[in-house]
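Subject: Handover of a structure and findings

Dear colleague,

Please find below the structure that I am passing on to you. I would be grateful if you would look through it before reading the notes that follow.

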Amino acid sequence: MTTLISKISDEWDKQKLRNFMENARRHSRSDIYEAAFRQLCRVEGRNIDDPLEAEFATVMRALEEALTEEAGKTRRLSRTRQKLGRAGVRKTLADLAMKPTPSLGFLKLVEFGMGDMSAESLVLKYRDQFEPITVEAAEKRLHTYGLLGAVKNQETSTSDL
């Protein structure tokens, strides 16, 4: 089992990852499905040099994949992608975290069990690249949705690598 998840984390072929996901779904293996899904999303940011931009590309892919699966047809985050083109990743993330109400993307990621992949989580992970008020807003939102502890634990585990 661990070797299969390890094999998945080394796989970069999108079709093979989709096959892993389909087989995992058929065999009710949510652990394998999640590992393949997350790796499929990581493919999106693979060739981006800036770590924050690469992770946000992963988040965007995760949300688009989840929305597509939910709807049964392709869903794209067109407005967010347009804003990225105009304002850049840091401004886009800051604006999402500072919104008075959570974005639909945040709510969907929470619903799909992927709150750790939200814009707010990235703001915390890269807190040194954001204004303190933005970090505070991200922490507050994650706390409100019961995600702050999990995100902070993830930050600690990834910084130990």
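Which residues does Arg61 touch, not counting residues up to four places away in sequence? The residues in question are Leu40, Cys41, Glu44, Arg76 and Arg81. Please bear in mind throughout that this is a predicted model. Arg61 belongs to helix H4, which covers residues 51–71. The residue is buried, as its relative accessible area is 11% and the cut-off for buried is under 20%.

The chain as a whole

The chain contains 10 helices and 0 strands. Read from the N terminus, its elements therefore follow the order α-α-α-α-α-α-α-α-α-α. The radius of gyration is 16 Å, close to the 15 Å that the globule rule gives for 161 residues, so the chain is as compact as a globular protein of that length. Along the principal axes, the C-alpha trace spans about 45 × 35 × 30 Å.

Of the 161 residues, 40% are buried. The chain exposes about 9,400 Å², and carbon and sulfur atoms supply 51% of this area.

Helix H2

Helix H2 consists of 13 residues, numbered 14–26. From its first C-alpha to its last it reaches 18 Å, close to the 18 Å expected at 1.5 Å a residue. At the start of H2, a side-chain oxygen of Asp13 comes to within 3.0 Å of the backbone nitrogen of Gln15.

Where do the buried residues of H2 lie around its axis? These residues are Leu17, Phe20, Met21 and Ala24. They cover an arc of only 95 degrees, which puts them on the same side of H2.

The loop after H2

Just after H2 comes Ser28, in the loop between H2 and helix H3 (30–44). Ser28 has a positive phi of about 55 degrees although it is not a glycine. Is Ser28 buried or exposed? Ser28 is exposed, because its relative accessible area is 65% and the cut-off for exposed is over 50%.

Yours sincerely,
A colleague

Methods: Residues are numbered from 1 along each chain as its sequence is written. This is a predicted model: local features need pLDDT of at least 70, side-chain atom pairs count only at pLDDT 80 or more; totals for chains, interfaces and linings use all residues. Side-chain values use heavy atoms; hydrogens and water are left out. Helices (H or I, at least four residues) and strands (E, at least two) are DSSP runs, numbered from the N terminus. The expected span of a helix is 1.5 Å times one less than its number of residues. Buried means under 20% relative accessible area, exposed over 50%, partly exposed in between (1.4 Å probe, protein chains only). The arc is that of the directions from the helix axis to the C-beta atoms. A polar contact is a pair of N or O atoms within 3.5 Å; within protein, one must be able to donate a hydrogen and the other to accept it, and residues adjacent in sequence count only if both atoms are side-chain atoms. The radius of gyration is taken over C-alpha atoms; the globule rule is 2.2 Å times the number of residues to the power 0.38. Accessible areas come from the Shrake-Rupley method with a 1.4 Å probe; for residues, only the protein chains shown count as cover. Contact means heavy atoms within 4.5 Å.
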